[in-house]
Amino acid sequence: MSPRPASRRAVTVADIARAAKVSKATAARALGDYGQVSDAVRSRVQAAAEELNYRPNALARSMNTGRSNTIGVVVGDIENPFFAHAMRGISDVASKAGYDVILTNSDEDVDAEEAAVDLLLDKQVDALIVAPASSARVAHLATVGAAGRPLVLLDRRDQDGRYDSVTVDNRTAAARATAELLAEGHRRIAFISTHDHPAGVYMPGDTITMSSVADRVAGVMEALTDAGIPAPERNIRLDARRRGVDAVARELLTGPDPATAVIASDSLIAMTVFQTIRTLGLRIPDDVSLIAFDNPEWTGITTPPLTVVEQPIYELGAAAARLALQRISGERVDDEAVVFDAGLVRRASVAPPRAPARLPAS
């Protein structure tokens with residue numbers, strides 16, 4: 001059995017000062033790159049730090065300079081590929097500017113989001129990027145401004161538009177996807193989201209507290225209404241998180257007046273709907289057409305490949321990071337609400353609905 005290695009005391013600024021034969025204050029200035037220190041002394045201190053394998057205390061440095069060179073990020077679901085791609089955009093831009101990123105997950109829960117915001121502020125992040133679980137319950141975000149830190153909302157807006165945001169034009173994108181299905185002859189078009197809407201089944205006039213979902217529902221409703229579809233809300237489901245996507249999809253596809261097409265509000269929902277359709281013995285697009293929001297790699301290699309609403313996810317994250325960095329540096333920001341367009345990528349999962357079977361003549 002190997003002996004346990006002896007623990008080693010962390011090297012301190014005082015150790016560096018003794019090795020470099022300078023005062024602790026001078027060593028701190030040289031290591032922190034602030035105040036006046038001669039080049040010769042700075043070189044001697046840095047050489048001592050390297051020899052002793054000194055690791056600077058980031059928290060102490062932030063207390064001295066007021067900057068931690070970190071950006072805190074709160075996302076709704078770290079398992080969702082959308083947020084993974086957005087995080088890559090944030091990280092790339094932050095890294096080029098010399099900033100690190102601290103990621104936290106809210107699980108789309110406002111209380112968890114509030115705790116995450118408090119945690120990041122305690123860690124002295126220089127700015128926050130938040131995908132708010134609710135566009136209505138945002139009072140806790142005021143603590144970010146009170147702490148003197150910039151805040152950028154990712155993918156979603158707050159209801160009053162008080163905060164910087166980077167979003168996609170979800171209403172137009174959803175209307176375009178719905179129009180694609182209508183043009184093929186579909187009239188019973190379903191929309192499935194995991195937003196935790198109290199009633200589950202959407203009714204016109206209901207408040208949807210997540211702006212991205214609200215915009216998508218508005219786009220679907222607009223296209224269906226313009227096409228003269230009666231009761232266009234009857235196949236909109238916003239409770240798939242609580243009931244499970246599979247259960248909601250089964251209800252929509254096996255009822256007395258089953259949906260002939262489904263729009264999935266994200267790629268994880270689309271994956272489950274795809275599996276449910278197969279489990280029910282149905283075929284895409286012969287029996288059910290399917291369109292997904294987002295374009296992860298798997299949607300292009302399934303049989304059939306899926307038609308998708310492709311959002312510029314990486315660019316969303318990158319734009320949010322750039323906006324946060326502009327606020328940190330005090331630069332003038334021309335547009336506090338950045339809105340990207342989304343494109344429709346047509347593949348093979350959409351086709352005209354199958355004509356209902358004719359009963360034999362009596």
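**Terms and the values behind them**

Author: All 6 of the 6 residues of strand E1 (residues 70-75) are buried, so strand E1 is largely enclosed by the rest of the structure. Buried means under 20% relative accessible area, exposed over 50%, and partly exposed in between, with a 1.4 Å probe and protein chains only. Helices (H or I, at least four residues) and strands (E, at least two) are DSSP runs, numbered from the N terminus. This is a predicted model, in which local features need pLDDT of at least 70 and side-chain atom pairs count only at pLDDT 80 or more, while totals for chains, interfaces and linings use all residues. Residues are numbered from 1 along each chain as its sequence is written, and side-chain values use heavy atoms, with hydrogens and water left out.

Reader: Which residues point each way from E1, and are they buried or exposed?

Author: Thr70, Gly72 and Val74 point one way and Ile71, Val73 and Val75 the other way, and all are buried.

Reader: What makes E1 a partner of strand E2 (residues 100-105)?

Author: Two strands pair if DSSP finds at least two bridges between them, and 6 bridges join E1 to E2, the two running parallel. One of the bridge partners in E2 is Thr104, which belongs to Val74. E1 is also joined to strand E3 (residues 127-130) by 4 bridges, again in parallel, and there Val73 stands opposite Ile129.

Reader: What is the unit made by E1, helix H5 (residues 81-96) and E2 called, and why?

Author: These three elements make a right-handed β-α-β unit. The crossover is called right-handed because, with the strands pointing away from the viewer, the path from the first strand over the helix to the second runs clockwise.

Reader: How do helix H1 (residues 13-20) and helix H2 (residues 24-32) pack, and at what angle?

Author: They pack at an angle of about 105°, with their axes 8 Å apart. That makes H1 roughly perpendicular to H2, since angles under 35 degrees count as roughly parallel, over 145 as roughly antiparallel, 65 to 115 as roughly perpendicular and the rest as oblique. The contact is made by Val13, Ala14, Ile16 and Ala17 of H1 and by Lys24, Ala27, Ala28 and Leu31 of H2.

Reader: Is Thr276 buried or exposed, and how do you know?

Author: Thr276, which lies in helix H12 (residues 267-279), has a relative accessible area of 1% and is therefore buried. Leaving aside neighbours within four places in sequence, Thr276 is in contact with Asp246, Ala249 and Arg250.

Reader: Why is Ala136 called partly exposed?

Author: The relative accessible area of Ala136 is 38%, and so Ala136 counts as partly exposed. Ala136 is found in the loop between E3 and helix H7 (142-146), and, leaving aside neighbours within four places in sequence, is in contact with Gln159 and Thr209.

Reader: What is the phi of Lys21?

Author: Lys21 has a positive phi of about 60° although it is not a glycine. Most residues other than glycine have a negative phi, and most peptide bonds are trans. Lys21 is found in the loop between H1 and H2 and, at 72% relative accessibility, counts as exposed. Asp294, with a positive phi near 85°, is instead buried, its relative accessible area being 3%.

Terms used
Contact means heavy atoms within 4.5 Å. Axes are lines fitted to C-alpha atoms, for helices over the stretch in contact, and angles run from 0 to 180 degrees between N-to-C directions.
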